[in-house]
Amino acid sequence: LPVEIETERYKLKTLTIDDVSSKYLSWFLEPTVQKFIVAAKQQQTMSSLRNFVEAKWRADDCLFLGIFSKDGDHIGNLKFEPVSFAEKCAVMGILIGDAEYRGKGVSSEVILAGSRYLKTQALIEDIELGVQSENLAAIKSYKKVGFKVIPSGKLIKPVDKHSLIMSFKI
């Protein structure tokens, strides 16, 4: 079922292949995105991006939301995958693709809204994420929301010495 979540400044909605655009594709060409986002490390095409979005849309353990301005501009994505009902936990990833919106509190606002939705609709209690230790802006943003660095998560295990695992109790 399609999901729509309103925040004070943004709208989160289930991402569909209709949301795949040249603007969305262009995010993966930015050096900052390529440095920190796994999907940007390999070349993306409109076709590969559509296939990715469709696969996430069909997955039972994924909530993949586009972040949209109130004017309807697609500015980023918020993904919870996997969502483990048994562990009451989900793994989160976020991309503020539109550089104009970075550093403006978008991630805090949408992470809290998406997390509350998972808590009320799926009884999820913990959100985990992996982040590269040199991604200081992201780490600062996650800590502002309430994430804490942990040695090992319920769903995520340490990847390498350059990655941190963070957890947030909803």
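This is a predicted model: local features need pLDDT of at least 70, side-chain atom pairs count only at pLDDT 80 or more; totals for chains, interfaces and linings use all residues.
Lys88 belongs to the loop between β4 and β5, and its phi is near 55°, which is positive although the residue is not a glycine. Most residues other than glycine have a negative phi, and most peptide bonds are trans.

**Backbone geometry**

- Leu123, in the loop between α4 and β6, also has a positive phi, of about 60°, without being a glycine.
- Leu123 is classed as exposed because its relative accessible area is 54%, and the limit for that class is over 50%.
- The peptide bond that runs from Glu81 to Pro82 is cis, with omega near -5°, and Pro82 is part of strand β4.

- Glu128 sits in strand β6, which covers residues 126-132.
- The side chain of Glu128 does, however, reach a backbone atom, namely the nitrogen of Ile156, at 3.1 Å.
- With residues up to four places away in sequence left out, Glu128 touches Cys89, Ala90, Val91 and Met92, as well as Gly153, Lys154, Leu155 and Ile156, and also Met166 and Ser167.

**Ile150 and its contacts**

- Ile150 is located in strand β7, residues 148-150, and it is partly exposed because its relative accessible area is 24%.
- Between Ile150 and Ser167 there are 6.7 Å in space from C-alpha to C-alpha, while in sequence the two are 17 residues apart.
- When neighbours within four places in sequence are set aside, Ile150 is in contact with Ile165, Met166 and Ser167.
- Met166 and Ser167 are also among the residues that Glu128 touches.

**The largest pocket**

- The largest pocket holds about 1,400 Å³ of space, and its lining is made up of 49 residues.
- Elements that each give two or more residues to this lining are the helices α2 (31-36), α3 (46-58), α4 (106-122) and α5 (136-145), together with the strands β4 (74-84), β5 (89-96), β6 and β8 (163-169).
- Of the lining residues, Phe36, Ile37, Ile94, Leu95 and Tyr142 lie nearest the centre of the pocket.

Conventions
Residues are numbered from 1 along each chain as its sequence is written. Side-chain values use heavy atoms; hydrogens and water are left out. Helices (H or I, at least four residues) and strands (E, at least two) are DSSP runs, numbered from the N terminus. A polar contact is a pair of N or O atoms within 3.5 Å; within protein, one must be able to donate a hydrogen and the other to accept it, and residues adjacent in sequence count only if both atoms are side-chain atoms. Contact means heavy atoms within 4.5 Å. On a 1 Å grid over the protein atoms alone, a cavity is a set of points where a 1.4 Å probe fits but cannot get out, and a pocket is an open set with protein on both sides within 12 Å along at least five of seven lines; lining residues have an atom within 4 Å of a point. Grid points are joined across faces, edges and corners, and a volume is the space filled by probe spheres set on the points. Buried means under 20% relative accessible area, exposed over 50%, partly exposed in between (1.4 Å probe, protein chains only).
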